[in-house]
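This report examines a protein structure for a reader who is new to the subject. The sequence and the model are shown first.

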Amino acid sequence: MVSLMACFANAQLSPNFYASSCPNLQLIVRNAMREAINRELRLGASILRLFFHDCFVNGCDASILLDDTATFTGEKNAGPNQNSARGFDVIDTIKTRVEAACTGTVSCADILALAARDGVVLLGGPTWAVPLGRRDARTASQSAANSQIPSPFSSLSTLISNFAAKGLNARDMTALSGGHTIGFAQCFTFRSRIYNDTNIAPMFAANRRGVCPASGGDSNLAPLDIQSPNRFGNTYYQNLVSQRGLLHSDQELFNGGSQDALVRLYSTNPTAFSNDFAAAMAWTMRKDKAMKQGIYDRLVALEKNETLYAKVCKLCEESSKAVVSRELFQTQGEHVALLEEFKAFKSNPELGKMMKIGWRASIRASGVPLSSKLFSRHDAWCISSSTTILTTNLP
């Protein structure tokens, strides 16, 4: 099945999408982000949060940037964003510079995605390839922003469900939460934690109460990571292990639940955290729920059609250089078109049987398709029997 996914590559979205039409794009974005962070370190975290809130509502389409008008209600004034989301002026500045270099070429969605990545890198975090070529939203949903963006008051089960609804698993959720290693939170988001929660270090709670009174001071700020709010690293997880998570939702990741072991790993292994964070960020841009569910449904249907499934497998086997990566999931329409093309190829029942075993094992084990761990034996078989090149950074 891993080989099968190699056939779903899409030339439309690619890190090199603007290589010819706007060759200096990434340099323009990086330089502008460097200027912004040099001016205010907090902006790296602000842009990352802006991007995250954008992606959680109908995908990474820049809908969060749309202003309200007399006839249109955007997402800027939704509860999670109002008087909170910031960095819009940075994106405006970058857009102006990009337009000067490449008029009418680069989407705001791509600019925001690049800016979020560069903000993390400039603060010492990992990098990742940003797939480019998305179109900007023409609509927005304030109601979806209010209901779908994770709350700082959420329980672990709610957080897992929120991320699962976007096609992200619990490990992705825990890794992406590490974005809270940079930035600040307003008093109203952590007041109930420091006054009411019991799974909190007493001295830490007392110190936070000094900036966040029991009433009033709602907009007073405190660092999400008490150790290094302006440096991207794994200290966020160290704070959780010592019960110094600022938000209730943060400490839920380490509170006797399913993510405790992973939090401990990240707290002592910064490389593991950086790798998982980068992988999850790259995958976030692919994980529109409707897109993922549509492809998932079609793959299940394909798996049940033994004849066509075998033909697809034959196509993958004959590919001279098929590269499997997180970037292979694309739109439903293109997927359907590819399935039509597959019908022209001859069957290979033996290969099809092997792939079917892996696919069914994946569904039985976790319900998450294409788990690299579940497919390790299958990957080895494919590598030894075909020219397919496999990368195992799949969820």
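The structure is a predicted model, in which local features need pLDDT of at least 70 and side-chain atom pairs count only at pLDDT 80 or more, while totals for chains, interfaces and linings use all residues. Residues are numbered from 1 along each chain as its sequence is written, and side-chain values use heavy atoms, with hydrogens and water left out.

**The largest pocket**

Rolling a probe the size of a water molecule over the atoms shows where empty space is left. On a 1 Å grid over the protein atoms alone, a pocket is an open set of points where a 1.4 Å probe fits, with protein on both sides within 12 Å along at least five of seven lines; lining residues have an atom within 4 Å of a point. The volume is the space filled by probe spheres set on the points, which are joined across faces, edges and corners. The largest pocket holds about 950 Å³ of space. Its lining consists of 41 residues, and R49, H53, P150, H180 and L247 lie nearest the centre.

Helices (H or I, at least four residues) and strands (E, at least two) are DSSP runs, numbered from the N terminus. Among the elements that each supply at least two lining residues are α3 (43–55), β1 (184–186) and α14 (270–284). The largest share, seven residues, comes from α3. By type, the lining has 24 nonpolar residues (Ala, Val, Leu, Ile, Met, Phe, Trp, Tyr, Cys and Pro), four charged ones (Asp, Glu, Lys and Arg) and 13 polar ones (the others, Gly among them).

**Salt bridges**

A salt bridge is a side-chain nitrogen of Lys or Arg within 4 Å of a carboxyl oxygen of Asp or Glu. The whole structure contains ten salt bridges. Three of them are listed here.

| Pair | N to O distance |
|---|---|
| D118 and R30 | 3.0 Å |
| E40 and R86 | 2.9 Å |
| D276 and R171 | 2.7 Å |

D118 and R30 meet in a salt bridge. Because D118 lies in helix α5 (residues 108–122) and R30 in helix α2 (residues 25–39), the pair ties together parts that are 88 residues apart in sequence. Buried means under 20% relative accessible area, exposed over 50%, and partly exposed in between (1.4 Å probe, protein chains only). D118 is buried at 1%, whereas R30 is partly exposed at 23%. R30, R117 and D118 are linked in a network of salt bridges.
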